[in-house]
Amino acid sequence: MKIAIIGTGYVGLVSGACLASKGHEVVCVDVDPAKVAHINDRKPPIYEAGLQELLDQVVPSHLTATTDLKKAVQGADISLIAVGTPFDGDLIDLKYIRAAARQIGEALKDHEAYHVVIVKSTVVPGTTEDVVLPILEEASGKKAGRDFGVGMNPEFLKEGEAIDDFMYPDRIVLGGIDARTIGVMAKIYDVFPDVDVIQTKPRTAEMIKYTANSLLATLISFSNEIGNLSATVGVDVVEVMRGVHLDKRFTPIRKDGERVIPGFISYLAAGCGFGGSCFPKDVKALIAHGAGKGARMDLLKSVISVNADQPARMIEMLKLRFPDLAGVKVAVLGMAFKPGTDDIRESPSLPVTQALLEAGAVITAFDPIARHEAEKVFPSGVTFVDNLDGTVAGVDAILIMTGWPEFRALPALLETTGANPYVVDGRRLLAKDSVRAYAGIGLKAEPVA
């Protein structure tokens with residue numbers, strides 16, 4: 001099929017490259033000529049594992065990029081809207097969605113063939129039918145359901161694992177205004193046989209996406225609240241959660257005796273908080289949407305509250321060893337909100353690093369991928385280093401903020417150098433007895449006299 005994708009951010013470019021690799025003809029559209037040039041030169045403007053290799057494979061044979069939205073839409077069977085939906089503190093901002101819908105509608109005005117417009121961006125329930133559809137009709141002068149179709153197809157991509165998630169989906173959700181729309185949408189995914197497909201209405205598809213992300217965020221905040229209590233009463237949350245995980249309702253035991261470890265178990269672990277472009281924004285947006293509809297969202301409000309307080313636990317544990325942080329040499333390990341990505345949006349590292357700066361600490365920092373993004377936020381006051389040993393050399397304390405596998409080498413490195421910094425583990429990445437001075441989320445830390 002011929003597919004136009006509006007927006008070349010994380011969702012748009014990954015989706016486009018994956019669909020192109022499956023044989024579809026894809027044109028990615030962006031207003032930024034520099035991004036378009038990068039894509040056509042096989043240079044991904046974002047970091048995602050495997051994306052470079054995919055672009056090398058599909059550009060230009062099955063994927064090209066352009067700034068000409070009208071030409072791309074008129075040459076396609078389907079348009080996917082994959083623009084950003086930032087949260088402005090009260091509601092998600094639909095200005096990019098509205099602009100894309102209007103431009104697509106204008107392109108359809110003198111386009112004779114039936115065309116399906118699919119919202120791929122994460123939007124609150126009702127947006128596709130109550131916002132996008134009317135704009136398309138107004139701008140095109142045509143009628144949805146008769147002249148063109150409108151649908152919603154949420155993405156379920158984890159940063160750092162997005163290509164595998166797209167290429168090997170656990171489910172495909174197709175929300176369309178009518179059977180014809182859903183039929184066209186389904187053709188996109190004919191190349192993914194034996195995958196569970198849900199065919200439903202657009203607002204149900206929208207709600208599925210928000211519910212999935214909100215549930216995972218809730219698991220994290222629940223685990224963090226238990227971790228904070230565990231530290232208070234003197235038990236180790238890692239041991240507590242292991243006992244919980246072994247409930248066979250969470251980790252079933254097969255008839256051959258092997259235990260199945262579902263992926264969601266990784267969300268039932270205490271840490272220094274969740275971040276990224278999805279969980280914080282989506283939970284806040286659902287709270288705001290619920291409030292606008294008169295629905296109390298007390299649980300999700302608590303999820304956000306717990307998460308907002310969690311990074312401060314790192315500073316609290318650090319101050320047990322160093323009550324006055326002025327002049328204390330601190331290494332911050334990890335700036336990305338999770339391993340496998342250069343995305344630092346809402347990363348717990350940001351407020352922690354800012355608090356260290358304000359307290360007068362001397363900061364070195366290392367992230368295997370996200371240095372260039374972090375330097376935009378901290379252009380001064382933080383010394384960024386490109387390797388682990390250089391980052392921790394001569395420091396008084398080390399904060400592990402991101403669970404990069406590279407950081408597991410820290411105990412061996414410290415053993416080799418003979419250094420004895422205070423290690424505060426915000427991801428419980430290390431065994432608590434692997435370094436001489438250790439504190440971790442969900443573990444009681446004692447003040448030092």
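Buried residues have under 20% relative accessible area, exposed residues over 50%, and partly exposed residues lie in between (1.4 Å probe, protein chains only). The model shown is predicted: local features need pLDDT of at least 70, side-chain atom pairs count only at pLDDT 80 or more, and totals for chains, interfaces and linings use all residues. Residues are numbered from 1 along each chain as its sequence is written, and side-chain values use heavy atoms, with hydrogens and water left out.

**View 1. Salt bridge between glutamate 161 and lysine 158.** A salt bridge is a side-chain nitrogen of Lys or Arg within 4 Å of a carboxyl oxygen of Asp or Glu. By this rule the count comes to 25 salt bridges. In this view, the side chains of lysine 158 and glutamate 161 form one, with an N to O distance of 4.0 Å. Lysine 158 is partly exposed at 29% relative accessibility, and glutamate 161 is partly exposed at 41%.

**View 2. Salt bridge between arginine 203 and glutamate 129.** The N to O distance between these side chains is 3.3 Å. Arginine 203 belongs to helix H9 (residues 202–233) and glutamate 129 to helix H6 (residues 127–140); the pair links distant parts of the chain, 74 residues apart. Helices (H or I, at least four residues) and strands (E, at least two) are DSSP runs, numbered from the N terminus. Arginine 203 counts as partly exposed, with 36% relative accessibility, and glutamate 129 is partly exposed, with a relative accessible area of 24%.

View 3. Arginine 313 and glutamate 316 both lie in H13, three residues apart, about one turn of the helix. Their side chains meet in a salt bridge of 4.0 Å, N to O. Arginine 313 is partly exposed at 31% relative accessible area; glutamate 316 is also partly exposed, at 47% relative accessibility.

**View 4. The open sheet.** Six strands, in the order S11-S10-S9-S12-S13-S14, form an open sheet with parallel pairing. Two strands pair if DSSP finds at least two bridges between them. Strand S11 (382–384) and strand S14 (438–440) are the edge strands, each pairing on one side only. On average, neighbouring strands of this sheet are turned by 20° against each other, direction ignored. Strand S9 (residues 329–333) and strand S12 (residues 397–400) run parallel and are joined by four bridges. Isoleucine 398 in S12 is the bridge partner of alanine 331.

**View 5. Helices on the sheet.** Helix H13 (residues 312–321) lies across S9, S12, strand S13 (422–425) and S14, at about 160° to S13. Helix H14 (residues 349–358) packs on the sheet and touches S9, strand S10 (362–366), S11 and S12, its direction making about 170° with that of S9. Contact means heavy atoms within 4.5 Å. Axes are lines fitted to C-alpha atoms, for helices over the stretch in contact, and angles run from 0 to 180 degrees between N-to-C directions.

**View 6. A nonpolar surface patch.** Leu229, Val233, Val235, Val240 and Val244 form the patch, with about 370 Å² of accessible area together. Patches are made of residues with over 30% relative accessible area and no salt bridge; like charges are joined within 9 Å, nonpolar side chains (Val, Leu, Ile, Met, Phe, Trp, Tyr) within 5 Å. Accessible areas come from the Shrake-Rupley method with a 1.4 Å probe; for residues, only the protein chains shown count as cover. H9 and helix H10 (237–245) are the elements that give two or more residues to the patch. Valine 240 lies in H10 and is partly exposed, at 32% relative accessibility.
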